[in-house]
Amino acid sequence: MEKASNRQRVLLGHLRSSSAPRYNNHESSLSASACLAEGSAAYGDDVVVVAAYRTPQCKSKRGGFKDTHAEDLLAPVLKALIEKTNLDPREVGDIVVGSVLAPGSQRASECRMAAFYAGFPETVPIRTVNRKCSSGLQAVADVAASIKAGFYDVGIGAGLESMTVNSRAWVGNVNPKVKHFQKAQDCLLPMGVTSENVAHRFSVTRGEQDRAAVDSHRKAATASASGRFKDEIIPVATKIVDPKTGDEKPIIVSVDDGIRPNTSLADLGKLKAVFKKDGTTTAGNSSQVSDGAAAVLLMKRSVAMRKGLPILGVFRAFVVVGVDPATMGVGPAVAIPAAVKAAGLDLEDIDLFEINEAFASQFVYCCKKLELDLQKINVNGGAIAIGHPLGTTGARCVATLLHEMKRRGTGMGAAAVFESGDGSDELRNSRKVESINLLSRDSR
Amino acid sequence: MNPALTLESSETTVFTFYLLPPTPSSPLTELISFDTADGIYDLAWSESHDSLLIAAVSDGSVKLYDTTLLPTQNPLRSFQEHTREVDSVDYNPTRRDSFISSSWDDTIKLWILDRPTSIHTFKEHAYCVYSAVWNTRHTDVFASASGDRIVRICDVREPGSTMIIPGHDFEILCCDWNKYDDCIIATASVDKRIRVWDMRSFRALILVLNGHGFAVRKVKFSPHHRNFLVSCSYDMTVCMWDFMMEDALVGRNDHHTEFAVGVDMSVLIDGLLASTGWDEMVYVWQHGTDPRSP
């Protein structure tokens with residue numbers, strides 16, 4: 001580093017000593033400062049994403065994956081990461097899978113099985129992580145952090161959820177202490193109620209929410225029809241069982257089946273509020289209950305360059321914040337600015353956002369609060385149209401975001417997912433210099 | 001001289017050639033590229049063989065490349081004598097067998113292509129020598145610009161410098177000889193100015209060119225027009241000047257989004273300019289047009 005700092009010193013000399021008294025003194029205040037945004041390139045220390053894929057996201061209990069084992073969703077995306085990059089699976093240091101509803105130990109075993117189905121050897125370990133809706137995002141961040149910490153050079157951050165198989169029930173009794181701790185009690189609130197709380201407290205109208213839902217479907221439908229998802233979707237060969245006859249049929253699922261291209265304000269207007277009488281949150285302006293998986297391959301930049309792998313994005317910053325459980329949807333509004341700042345940037349520097357649409361109320365609130373340009377957000381639709389398999393979404397957002405950034409050739413992206421009871425995670429990825437803010441939202 | 005443009009990269013270790021087709025309207029294509037272990041600060045085409053290239057490397061070496069050979073067979077030769085970064089190399093245009101290199105180790109070395117070691121080392125400057133340029137007509141004369149604020153004119157037949165110009169009050173980053181008048185030399189400095197000197201009127205300044213907002217990194221006289229020169233600066237612009245005109249600044253291009261550190265004019269095509277900068281872009285354009293247009 002000494003050479004580099006010597007060169008910097010010489011060059012700085014060119015800039016400093018130039019304050020001739022005759023001219024404006026604007027440059028006399030020139031000084032060298034540490035680069036917060038970690039410059040583009042030269043040193044092989046950054047963590048980069050070289051591949052990201054997802055399965056189609058399908059409606060739980062009724063859609064394409066209703067008869068599919070959870071691990072059969074994860075295995076294809078893990079396999080795709082290896083096949084498409086020609087990576088030797090033995091080089092993967094760890095796989096971290098975000099998953100929310102399934103019983104922890106069983107899901108961990110299922111993930112391990114999925115890795116075997118995907119062709120990983122027994123020497124590659126795997127674990128799960130649960131930060132509710134942000135789990136997928138947290139998984140990617142955990143892998144990035146481990147790579148930075150030097151635990152390994154190559155890792156996979158993934159997400160998996162089958163809401164057909166696992167539901168959101170509370171097992172056992174609730175601790176009576178919650179009666180004395182409002183915030184603890186609020187952790188039990190159904191997500192829809194927190195959505196109503198946000199809508200009420202921050203005056204997000206039914207009209208605004210329905211419009212957001214229409215936009216989500218419209219953007220997703222356009223993206224899906226025009227083939228914009230084909231680079232990120234890995235088709236899954238599975239079976240479907242006819243509920244009436246019990247006949248099994250092999251199928252290949254390759255599109256998100258929750259997208260409704262013809263959704264209109266009129267149709268949505270007819271739906272009743274589900275969580276609160278005279279409320280604004282309906283099934284139409286909430287995210288869908290879905291099944292799906294996604295996986296992101298990360299490694300050190302130097303390794304990517306050595307292998308000649310394309311760099312989809314550079315991991316820049318990650319922030320997780322906690323907020324009031326009763327209005328948990330506000331998380332992204334707090335986490336996004338924090339992560340953008342951590343990457344040494346301003347909100348205007350971010351070209352694309354993926355902000356999870358757990359509920360239109362929260363999504364609309366966050367966009368308004370941060371005064372974000374709507375043209376930059378969820379350009380290919382969001383969870384309302386595509387679906388929100390809880391543990392998967394964070395990783396799915398990263399995949400969708402990076403592929404869209406690649407199409408546009410742009411710099412900065414941020415993904416945000418928010419989670420219940422806690423806050424939001426924001427992950428920043430960049431191409432060249434970018435950041436992804438992921439806010440994860442846990443919707444229970 | 002080759003109808004090709006070479007691009008060197010400081011700090012990013014990739015070294016590429018682009019071959020310019022005769023019609024400036026067709027896009028640049030990369031001819032060949034070499035990876036290097038350390039940054040390249042300057043390049044010079046050989047005058048004797050049109051596929052040979054000399055590179056000034058920031059690890060103190062001067063390397064010889066042959067574009068007709070594969071990247072794996074290159075560099076052909078490496079001359080490791082400077083103890084610090086080599087900032088510039090220049091090939092003798094008239095003698096065709098020798099070149100000089102200037103370095104941050106305060107010295108200038110004279111080399112002949114076939115000899116493994118330098119012929120002579122000029123050790124007179126007190127700080128980094130940023131550029132050393134041969135005179136266009138006198139085969140043995142060259143000028144050197146240094147951070148010690150002095151320009152030295154040397155004759156290789158003499159042991160020391162034959163003329164000294166305390167050119168600026170701040171570091172001098174570049175100098176270039178006029179291609180039509182062998183006694184006129186321009187110097188570019190950290191004081192944001194370019195000064196044009198006439199050797200005949202010893203130390204008398206002909207003109208000072210103001211206009212850049214920050215230190216001027218490179219200056220080059222046109223091979224086609226006696227009075228025309230081009231410069232690039234840390235202020236991210238490339239400026240064109242006619243030093244015989246009342247208002248010398250005839251053009252300014254701010255296409256770069258980072259420091260503009262390299263600029264050159266084509267010897268074969270009148271008015272064809274090329275510039276490069278820390279924004280990792282290379283622009284080639286005809287004087288008078290917008291560099292950013294395709």
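In the predicted model, A:Ala141 has a relative accessibility of 6% and therefore counts as buried, the cut-off for this class being under 20%. The residue belongs to helix α4 of chain A, which spans residues 135-148.

Two packed helices are described by the angle between their axes and the distance between the axes. For helix α7 (residues 206-225) and helix α11 (residues 360-370) of chain A, the angle is about 95° and the axes are 9 Å apart. Because angles of 65 to 115 degrees count as roughly perpendicular, α7(A) and α11(A) are assigned to that class. On the side of α7(A), the contact involves A:Glu208, A:Gln209 and A:Ala212, while α11(A) contributes A:Ala360, A:Ser361, A:Phe363, A:Val364 and A:Lys368. By residue class, this contact between α7(A) and α11(A) comprises 4 nonpolar, 2 polar and 2 charged residues.

Chain B was characterised as a whole. Its secondary structure includes 26 strands and 0 helices. Of the 294 residues in chain B, 58% are buried. Among contacts in chain B with a separation of 6 or more, 40% are formed by residues 24 or more positions apart.

How values were computed:
Residues are numbered from 1 along each chain as its sequence is written. Chains are lettered from A and ligands numbered from 1 in the order in which they are written. This is a predicted model: local features need pLDDT of at least 70, side-chain atom pairs count only at pLDDT 80 or more; totals for chains, interfaces and linings use all residues. Side-chain values use heavy atoms; hydrogens and water are left out. Helices (H or I, at least four residues) and strands (E, at least two) are DSSP runs, numbered from the N terminus. Buried means under 20% relative accessible area, exposed over 50%, partly exposed in between (1.4 Å probe, protein chains only). Contact means heavy atoms within 4.5 Å. Axes are lines fitted to C-alpha atoms, for helices over the stretch in contact, and angles run from 0 to 180 degrees between N-to-C directions. Angles under 35 degrees count as roughly parallel, over 145 as roughly antiparallel, 65 to 115 as roughly perpendicular and the rest as oblique. Ala, Val, Leu, Ile, Met, Phe, Trp, Tyr, Cys and Pro count as nonpolar, Asp, Glu, Lys and Arg as charged, and the others, Gly among them, as polar.
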